[in-house]
Amino acid sequence: MAEVKIQAEARNEFGKGAARRIRRDNKVPAVLYGHGTDPVHITLPGHDTMLALKTANALLMIEVEGGESHLALPKQVQRDPLKGFIEHVDLVIVRRGEKVQVEVAVHLEGEAASDALVVTEHATVLVEAEATHIPESIVVSIEGLEIGAQIHASDLTLPSGSTLAIEPDTLIVNVTAQPTAEQVEGELAEAEAEAGIERDEPTAAEEPVAAAAE
């Protein structure tokens, strides 16, 4: 994974008011920490940060004004729940060659049997890899899989240098039968009952109209 360089500014103002002012300037408040160092509070350019964090586990080279640089991974990204813009970023400092544990997305390829339903039990897998060689995704082939087939963590083909950080028997993909219309209707009715939703029964006046339409 290529490094993305981001120019950052040192930040000395804290609190909600300061964060709002930073966001109004199309910037993002952030904090760098890790390896026993004191937290470094910084401000990141909003557009560059948004583009960089479109890639999961983006490897960032944060260049702070004054000449200080840090290699970092996003640890937590807070976004506005409605508009989706980035509100705050926690970054963890990493070193070249060190191993880190990260969640990597599972990407399905191929088509299972026509009567099968493919259920992704885990959309991501925890792996251990070098900080500078984190895989972007783990590809899983479901081509031709029949009902009853299962793919566990131990079945995954990991990129060189990456190892599983979860139990090998963890179920990743489960192939089941397509539900019938009756099963879907029954599950919907059960969910509505649990939620306290009552369906309106057709009135006597409505029934003849329905019959005439038929």
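A residue is taken as buried under 20% relative accessible area and as exposed over 50%, with partly exposed in between; at 28% relative accessibility, Lys 27 therefore counts as partly exposed. The model examined here is predicted, and the assignments below refer to it.

Two salt bridges are found in a search of the whole structure. In one of them, the side chains of Lys 27 and Glu 9 meet at 2.9 Å, N to O. Because Lys 27 lies in strand 2 and Glu 9 in strand 1, this pair ties together parts that are 18 residues apart in sequence. Glu 9, with a relative accessible area of 34%, is likewise partly exposed.

The side chains of Glu 3 and Arg 96 form a salt bridge at 2.4 Å, N to O, and this pair links distant parts of the chain, since Glu 3 belongs to strand 1 (residues 3-10) whereas Arg 96 sits in the loop between strand 6 (86-93) and strand 7 (99-109), 93 residues apart. Glu 3, at 31% relative accessibility, counts as partly exposed, while Arg 96, at 53%, counts as exposed.

Helix 1 (residues 16-24) contains the buried residues Ala 18, Ala 19 and Ile 22, which, viewed down the helix axis, fall within an arc of 100 degrees and so line one face of the helix. The elements that cover these buried residues include strand 2 (27-34) and strand 3 (37-45), whereas Lys 16 and Arg 24, on the other side of helix 1, are exposed. Just after helix 1, Asn 26 adopts a positive phi of about 60 degrees.

Methods. Residues are numbered from 1 along each chain as its sequence is written. This is a predicted model: local features need pLDDT of at least 70, side-chain atom pairs count only at pLDDT 80 or more; totals for chains, interfaces and linings use all residues. Side-chain values use heavy atoms; hydrogens and water are left out. Buried means under 20% relative accessible area, exposed over 50%, partly exposed in between (1.4 Å probe, protein chains only). Helices (H or I, at least four residues) and strands (E, at least two) are DSSP runs, numbered from the N terminus. The arc is that of the directions from the helix axis to the C-beta atoms. Contact means heavy atoms within 4.5 Å. A salt bridge is a side-chain nitrogen of Lys or Arg within 4 Å of a carboxyl oxygen of Asp or Glu.
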